[in-house]
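Let's walk through this model one piece at a time, sheets and helices before the ligand. Keep the viewer open as you read.

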Amino acid sequence: MPLLRLASRFGRVHRRYIRHNLQFCIEYRVRGISSPDAEGRIIIMSGTIKTMRTAASDIRFANPDVTADGAPRAQVELRALSTLWFNTGTLCNIECAHCYIESSPRNDQLVYLTSSDVRLYLDEVQTLGYPTGEIGFTGGEPFMNPDMISMASICLERGHEVLILTNAMQPMQRPGVKGALLKLRSAYGDALKLRVSIDHFSEALHESERGPGTFIHTLKGLDWLAENDFSFTVAGRTRFGEDEKILREGYQQLFSARGYKLDAVDPAQLVLFPEMDEQAAVPEITTACWGILDISPDAMMCASSRMIVKRKGAASTVVLPCTLLAYDPAFEMGSSLTEAADADGGNFENGAVKLNHPHCAKFCVLGGGSCSQ
Ligand code: SF4
C-alpha cells in the first residue's frame with residue numbers, strides 16, 4: 001500500500017505545498033507513520049513525509065508560461081469583479097478530515113481580518129468602479145471572527161449582498177451573534193445570505209468528515225435560520241460516491257423532514273462540491289483545452305472573483321485570484337485591488353491569472369467546482 005494512503009488510514013494528514021525552482025514538493029505531516037517508500041520517492045523526516053517531484057520526473061506546473069509538453073499555458077482574465085471574497089481567518093471550531101484549507105481550532109495561518117481591512121477594499125471597489133454586487137465571507141468558520149457581524153454590516157450598508165459560508169454550529173448560535181443576525185435580517189432582508197455546509201445527508205457520513213455530534217449541532221443552526229426566515233442554501237460534497245440524483249434525493253428528504261424551504265434539485269440551493277484529491281494525477285491546462293473541452297475561461301472563478309487574506313505575521317493583507325489558492329505565495333497579486341489589476345510576471349500577465357496550479361485543472365477546469373455557484 002502506498003505510504004501516503006497508509007498514513008491517511010491511520011491518522012490525520014496535513015498537506016503543505018512547497019515550490020523550489022523546478023521542484024514541486026508536497027509535505028505531509030502525519031502522526032505515527034514511519035516506514036520508507038519502496039520506490040524511494042518519499043522521505044521521512046521525524047513525522048514528516050515529503051513527496052518530491054523532481055525536474056527529471058515531473059515538471060508540471062513549473063513554468064507559468066508553458067506546460068511540461070511545451071504548449072502555451074491557459075490563462076484567465078478578470079472579466080468583472082462580481083464577487084469579492086474575504087477569508088475571515090482559518091481558525092474553525094471543528095476539524096474536518098478533508099478540509100480544502102485545513103481549518104482547525106489551531107490553524108491560524110490566515111489570521112482574522114478586521115472591519116478596517118474590509119472597509120479599505122470596499123472603498124477601492126467604489127473608486128475603481130467595479131460592479132461588485134456580492135461580498136463573500138469564508139474561513140475557517142467566519143463566526144469565530146469577532147468582527148464578522150460588523151464586517152457584514154459594513155458591506156450591507158453600502159448596498160452589497162453578503163454571503164457567509166458557515167457550519168451554523170456554536171459560533172453562529174451564540175446569543176449575541178443570533179441577535180445581531182436577526183437585526184441584519186430585519187434591516188436588509190435577503191441581501192444577507194448564508195450557505196451552510198452539510199457534507200452528507202446522513203449523520204454517519206457527515207460525521208465521518210466532521211466528527212461526532214456535529215450533525216445535530218448544524219441542524220439546530222439550520223432550524224434556527226429556517227424558523228427566522230433567513231435566506232440560506234446548503235453546500236454538500238460528492239466524496240462519498242453516490243450518483244448525483246441519489247445524493248440530491250437524500251438531501252431533499254432531509255430538507256423536507258426538517259421543514260427547510262430548499263429545492264435540492266436546484267444547484268444554486270444545494271451546491272455539490274467535487275472532491276479535491278491532492279494525490280490524484282492531473283493534466284495541465286493549455287490554451288487548446290478551452291476548445292477541446294468546450295469550456296469558457298469566463299466560467300472560472302478567477303474571471304469574476306478575488307479573495308483577500310491576511311497571513312500570520314504579514315504586514316498587510318493580500319489579494320489572491322480565488323478562494324482555492326489560499327496558501328501559495330506564488331499567487332499573491334499585491335496588497336490592493338489596483339495592484340492586482342496590473343499584476344504581471346510569474347503567474348500573472350497584466351492582471352490575468354496563468355493556470356499554473358493543480359487546483360486549476362483538478363477543481364476548476366476539469367472538476368467544475370466554483371465557490372461562486
Ligand atoms: S484554482 Fe480555479 S479559480 Fe483559482 S486561479 Fe486556478 S482556475 Fe482560477
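Three strands make up an open sheet, ordered E5-E15-E14 with antiparallel pairing; strands here are DSSP E runs of at least two residues, helices are H or I runs of at least four, and both are numbered from the N terminus. Two strands count as paired if DSSP finds at least two bridges between them. Since E5 (75–76) and E14 (348–349) sit at the edges with a single partner strand each, one side of each is left without a neighbour in the sheet. E14 and E15 (residues 352–354) run antiparallel and are joined by 2 bridges; Phe-348 has Val-353 in E15 as its bridge partner.

A quick word on what you're looking at. It's a predicted model, where local features need pLDDT of at least 70, side-chain atom pairs count only at pLDDT 80 or more, and totals for chains, interfaces and linings use all residues. Residues are numbered from 1 along each chain as its sequence is written.

Next comes an open sheet of 8 strands, in the order E11-E10-E9-E8-E7-E6-E12-E13, and its pairing is mixed. At its edges are E11 (270–273) and E13 (318–320), each pairing on one side only. On average, neighbouring strands of this sheet are turned by 25° against each other, direction ignored. Inside it, E9 (residues 192–197) and E10 (residues 231–237) pair in the parallel sense over 5 bridges, and Lys-193 has Ser-231 in E10 as its bridge partner.

Now for the helices. H5 (residues 175–188) has 14 residues and reaches 20 Å from its first C-alpha to its last, close to the 20 Å expected at 1.5 Å a residue (the expected span being 1.5 Å times one less than the number of residues). After H5 comes Gly-189, with a positive phi near 55°.

How do H3 and H5 cross? The axes of H3 (residues 148–157) and H5 come within 11 Å and cross at roughly 5°, which makes H3 roughly parallel to H5 (the label for angles under 35 degrees). Axes are lines fitted to C-alpha atoms, for helices over the stretch in contact, with angles from 0 to 180 degrees between N-to-C directions. Ile-149, Ala-152, Ser-153 and Leu-156 in H3 meet Val-177, Ala-180, Leu-184 and Tyr-188 in H5 (contact means C-beta atoms, placed from the backbone, within 7 Å).

Finally, 15 residues surround the ligand, the closest being Met-301, Cys-302, Cys-322, Cys-360 and Cys-364 (near means a backbone-placed C-beta atom within 6 Å). Helix H11 (residues 358–365) gives the largest share of that shell, 4 residues.

Methods. Parallel < 35°, antiparallel > 145°, perpendicular 65-115°, else oblique. Contact = placed C-beta atoms within 7 Å.
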